[in-house]
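Thanks for coming. I will go through one model this morning, starting with charged pairs and ending with the nonpolar core. Please have the viewer open.

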Amino acid sequence: MTRVRTSAASASTPPLVFGIYPGGAAGAVGPNGPVAPEDPAKRLVALKRLRAPGAPFVLHVYAGYTGPGGWTAAQQVGDEISGYTAAGFEVELVLTYRPADGGSAQAVSGFEDFVRQTIAAFGSDPGFVSLQVTNEANVSGAPNASDGSYTGAEAALIGGVIAAKAAIRAQGFDQVKVGFNWASAGNVNERAFWSYLRNTGGRAFVNALDWVGLDIYPGTWGPAMAGSLSSGTTAAMNAALSELRSVFLPLAGIPFRVPLHLSESGYPTGPGRTPTMQVQAMRAAVNAVVAGRSTFNITDYRWFDLRDAVSTSNDFQSQYGLMTDAYVPKPAFFTYQALVARFGRRS
């Protein structure tokens, strides 16, 4: 087993870049539920309250590829992104691979074109700083949430990362960093996924990567936790970070110099899940990342998400938010605000 570096985090370790998914709709295991209408004005006010003065705050936005003739990313979220960057936020765009035909070689080629179009559309905006290629390509069986349910997802990931970096270099959009994410879900075929990336992507893929993301929801998805919510969350975070850095990334030939992002991390409220529990899970998750940022080379943290899809739903998958669907803050809103101010990087 390749060992991670074990130097302790210190005062000289760079602070984290924080952010959030600014919406309410969430991918679900099973059919997606309804979503209360967004209020862009209230959303912007809430986001401004979360960011710390003088610190970057990254908004994690999603657009989806559905196949030839589908909407471009600019058509889907162009106005939203321009509004965010005009307000001084940075934007990280996730391009999901969800072809309507279920996936094919043609879909993979079309997705690469979709990636190139996206770089051309947004790359000149200095606030557009990051592109995530595919979403949770290692997870199958959840087509509303994860790209691994679609044929060719791994090939789309590799081809999309290489295409994105080539377009960035050709057009001089050097502020845009390219990565992909992995969901810690206890899947049995993880080694095959990472070995595929190495065997198929090779050096071209690794050389195009600027970061790798981890999606993790302790106490919600993944292995059952032992102990209290706080101690269980800490243990789950450390276990996933260690396994990703010391086992899976080496399988793909991805070196320690490529930093990790916590690209999705959250804990919903709902039946049996109190606002206090959300605060406990958040504190434990962020503190684990802060403590491990040097050991695992972690640079970024994104909370999922800003507001509930529907606060009255009996399905916890509709209540990930730091706010209700009417933009009323839960206690975790103020906790995240304080954590961002304490641990966030200043410009």
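Glu38, Arg43 and Arg307 are linked in a network of salt bridges, a salt bridge being a side-chain nitrogen of Lys or Arg within 4 Å of a carboxyl oxygen of Asp or Glu. Before going further: this is a predicted model, in which local features need pLDDT of at least 70 and side-chain atom pairs count only at pLDDT 80 or more, while totals for chains, interfaces and linings use all residues. Residues are numbered from 1 along each chain as its sequence is written, and side-chain values use heavy atoms, with hydrogens and water left out.

Arg307 sits in the loop between β8 (298-303) and α8 (331-343), and Glu38 in the loop between β1 (17-20) and α1 (40-50), so the pair ties together parts that are 269 residues apart in sequence. Helices (H or I, at least four residues) and strands (E, at least two) are DSSP runs, numbered from the N terminus. Arg307 is buried, with a relative accessible area of 0%, whereas Glu38 is partly exposed at 32%. The cut-offs are under 20% relative accessible area for buried, over 50% for exposed, and partly exposed in between, with a 1.4 Å probe and protein chains only.

How many salt bridges does a search of the whole structure find? The count is 9. Another is Arg98 with Asp147, where the closest N and O atoms are 2.5 Å apart. That pair also links distant parts of the chain: Arg98 is in the loop between β3 and α3, Asp147 in the loop between β4 and α4, 49 residues apart. Arg98 is buried, at 19% relative accessible area, and Asp147 is buried, at 0%. A local case is Glu112 with Arg116, at 3.9 Å between the closest N and O atoms. Both lie in helix α3, 4 residues apart, about one turn of the helix.

Buried or exposed, for Ser146? Buried, with a relative accessible area of 2%. Leaving out residues up to four places away in sequence, Ser146 touches Arg98, Asn135, Glu136 and Val139; contact means heavy atoms within 4.5 Å.

On to the strands. In β3 (residues 90-97), 7 of the 8 residues are buried, so the strand is largely enclosed by the rest of the structure. Strand β2 (residues 57-65) pairs with β3 in the parallel sense over 8 bridges, and Tyr65 has Tyr97 as its bridge partner in β3. Pairing requires that DSSP find at least two bridges between two strands. β3 and β4 also run parallel, joined by 5 bridges, with Ser130 in β4 as the bridge partner of Glu92.

Finally, the core. A nonpolar core is a set of buried Ala, Val, Leu, Ile, Met, Phe, Trp, Tyr and Cys residues joined through side-chain atoms within 4.5 Å. The largest has 94 residues, and Leu93, Leu131, Trp194, Phe205, Ile254, Leu322 and Tyr336 touch the most other members. Trp194 has contacts, again not counting residues up to four places away in sequence, that include Phe180, Trp182, Phe248 and Ile254.
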